[in-house]
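Me: Hi! Could you walk me through this structure?

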Amino acid sequence: MKLIIAVVQGEDVQRAVLALGDRGISSTRISSSGGFLQQGNVTLLMGVDESQVAIALEVIRENCKERSRYLTPAPPLADPGEMFLAYPVEVQVGGATVFVVSVDSFEKI
Ligand code: 2BA
């Protein structure tokens, strides 16, 4: 058995979870936020048979889109009287960041 951990954007979660369910893959959503952008995202946990890993990755790929996000840099420490104009910086956020890990044991007690 494998545990798939997928960090996805909030906009894609509903569609991805429904599509996973259609393929018989259960998932758990955890609200999370990215360390870099400090914006909300969602971490999906999916426990699957090895034979389902490729299907799960395909469904995630089909339903999670790459998007641009804008980050406004924090102002540096400036001397009094100096002005800092913060311009938003464009960052590409991938469709999903996915980890696949082996599961030693799986039990529902
Ligand atoms: P964030 O950490 O908020 O990162 C959002 C996007 O900002 C990243 O998209 C990447 O394009 C950019 N970025 C991140 N760190 C950067 C840096 N030090 N310098 C420049 N740009 C940077 P993705 O790579 O698609 O990641 C989307 C989200 O997936 C991340 O949100 C984070 O929540 C998660 N993630 C990505 N890589 C991870 C990893 N190795 N371990 C755990 N979570 C990860």
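Me: Before we start, what should I know about the model?
Reply: This is a predicted model, where local features need pLDDT of at least 70, side-chain atom pairs count only at pLDDT 80 or more, and totals for chains, interfaces and linings use all residues. Residues are numbered from 1 along each chain as its sequence is written, and side-chain values use heavy atoms, with hydrogens and water left out.

Me: Great. Which residues of helix H2 are buried?
Reply: In H2, residues 53–63, the buried ones are Val53, Ala56, Val59, Ile60 and Asn63. Buried means under 20% relative accessible area, exposed over 50%, and partly exposed in between (1.4 Å probe, protein chains only). Helices (H or I, at least four residues) and strands (E, at least two) are DSSP runs, numbered from the N terminus.

Me: Why are those on the same side of H2?
Reply: Because they cover an arc of only 130 degrees around the axis. The arc is that of the directions from the helix axis to the C-beta atoms.

Me: And what is on the face turned away?
Reply: That face of H2 carries the exposed residues Ala54 and Arg61.

Me: What covers the buried residues, then?
Reply: The cover includes strand E1 (2–8), helix H1 (10–22), strand E3 (40–48) and strand E6 (96–102).

Me: Now the core. How many residues does the largest nonpolar one have?
Reply: It has 18 residues, and Val8, Leu20, Leu44 and Met46 have the most contacts inside it. E1, H1, E3 and H2 each supply at least two residues of this core, and H1 gives the most, with five. A nonpolar core is a set of buried Ala, Val, Leu, Ile, Met, Phe, Trp, Tyr and Cys residues joined through side-chain atoms within 4.5 Å.

Me: What does Leu20 touch?
Reply: Leaving out residues up to four places away in sequence, Leu20 touches Ile25, Ser27, Leu44, Met46, Ala56 and Val59. Contact means heavy atoms within 4.5 Å.

Me: Switching to Gln52: buried or exposed?
Reply: Gln52 is buried, with a relative accessible area of 18%. Gln52 lies in the loop between E3 and H2, and touches Arg23, Gly24 and Ile25, not counting residues up to four places away in sequence.

Me: Where is Tyr87?
Reply: Tyr87 is in the loop between strand E4 (67–71) and strand E5 (89–93). Tyr87 is exposed, with a relative accessible area of 57%.

Me: Last one: what about Glu62?
Reply: Glu62, in H2, is partly exposed at 47% relative accessible area.
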